[in-house]
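Colleague: I am new to this one. Please show it to me, and then let me ask how you know what you say.

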Amino acid sequence: MGDIWFSLSLTPSDALALAAICFVAGLVRGFTGFALSAFGLALAVLILPPVELIPVMWWLEMAASLVMLRHGWGGADMKAAITLVVGSALGLIVGLSMTTTLDPAASQQIALVVLIGLALLQLAKIRIPHLASRPGTVTTGLIAGIATGLAGVGGMVVALYVLARNDAPAKMRATLVAYLFLGSATSLFTHLWFGTMNATSSLRGLAFVLPCILGVLIGQRLFTPRFQPYYRPACLTLLIGLGATSLVRSVF
């Protein structure tokens, strides 16, 4: 067992805590369909800095996206999804450039502020009509990429874009699934270029995929359509509270 902890560059207690966090993040993703990385970062940022957490979250997001692909992306607006992915790829370069050069403490605080801000916008159901336009799609992709590079929460930016469109729920869901999968696939090359995806982060990601997917599957089973209207606001409120707590602890 000692060799496992050594390979992950974690203490046994930190590794177990991260496994539990990944399970909870997967559980949330399973019954709400969003915020896997946001919950993971809000809870784990006091264990690892964002520059080390973000590539780990990549593995979890990719695994969750593959599980979600069972439902397919038929009916997705592929033109919008690809535009978002291209913009996100460019924005990710900017976000990772900042994360890899900032002081870890400052990077941690910026990531938490971004996370809390996006959660507040979603909780308030802020609609930004401009995002539904062609330039708005490109802008959303760029901002999503920067948010991914800073805090791994680009999906929450795209969720605001989805909210601004008046598409049918099934089409919006399929478009988001397509974006998350294609975006995760293309962002791997950027992580490799910056060196954030290395042997240690890959081992950590693979080690924590299992508890995450277990959480996703259980979360899907726990989903009850009758309570669907309450899941998102409840989880966003919890996310804001967790992010704020971590932010206060990181400052003081």
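Colleague: Is Glu61 buried or exposed, and what makes you say so?

Modeller: First, a caution. This is a predicted model: local features need pLDDT of at least 70, side-chain atom pairs count only at pLDDT 80 or more, and totals for chains, interfaces and linings use all residues. Residues are numbered from 1 along each chain as its sequence is written, and side-chain values use heavy atoms, with hydrogens and water left out. Now Glu61. Buried means under 20% relative accessible area, exposed over 50%, partly exposed in between (1.4 Å probe, protein chains only). Glu61 has a relative accessible area of 14%, so Glu61 is buried.

Colleague: What makes Arg29 and Glu61 a salt bridge?

Modeller: The term asks for a side-chain nitrogen of Lys or Arg within 4 Å of a carboxyl oxygen of Asp or Glu. The closest N and O atoms of Arg29 and Glu61 are 2.7 Å apart. Arg29 lies in helix H2 and Glu61 in helix H4 (residues 50-68), so the pair ties together parts that are 32 residues apart in sequence. Helices (H or I, at least four residues) are DSSP runs, numbered from the N terminus. Arg29 counts as buried because its relative accessibility is 3D-model computed at 5%.

Colleague: How many salt bridges does a search of the whole structure find?

Modeller: Two. The other pair is Arg204 and Glu52, at 2.8 Å from N to O. Arg204 lies in helix H10 (residues 199-222) and Glu52 in helix H4, so this pair ties together parts 152 residues apart in sequence. Arg204 counts as buried at 4% relative accessibility. Glu52, at 30%, counts as partly exposed.

Colleague: How do you know that the length of helix H7 agrees with its number of residues?

Modeller: The expected span is 1.5 Å times one less than the number of residues. H7 (residues 134-151) has 18 residues and should span 26 Å; its end C-alpha atoms are 25 Å apart, which agrees. Ser133 caps the N-terminal end, with a side-chain oxygen 3.1 Å from the backbone nitrogen of Gly136. After H7 comes Gly152, whose phi is positive, near 70°. Buried residues in H7 include Gly136, Thr140, Gly149 and Leu150.

Colleague: Why is Thr99 called buried, and what does Thr99 touch?

Modeller: Thr99 is at 3% relative accessibility, so Thr99 counts as buried. Thr99 lies in helix H5 (residues 78-101). Contact means heavy atoms within 4.5 Å. Not counting residues up to four places away in sequence, Thr99 touches Pro50, Val51, Ile54, Ser107, Gly149 and Leu150.

Colleague: Which residues touch the most other members of the largest nonpolar core?

Modeller: A nonpolar core is a set of buried Ala, Val, Leu, Ile, Met, Phe, Trp, Tyr and Cys residues joined through side-chain atoms within 4.5 Å. The largest has 63 residues, and those that touch the most other members include Leu41, Leu115 and Phe208. Helix H2 (residues 12-32) gives the most to this core, with nine residues.

Definitions and conventions:
Helix = DSSP H or I, 4+ residues; strand = E, 2+ residues; numbered from the N terminus. Polar contact = N/O pair within 3.5 Å; in protein donor to acceptor, adjacent residues only side chain to side chain.
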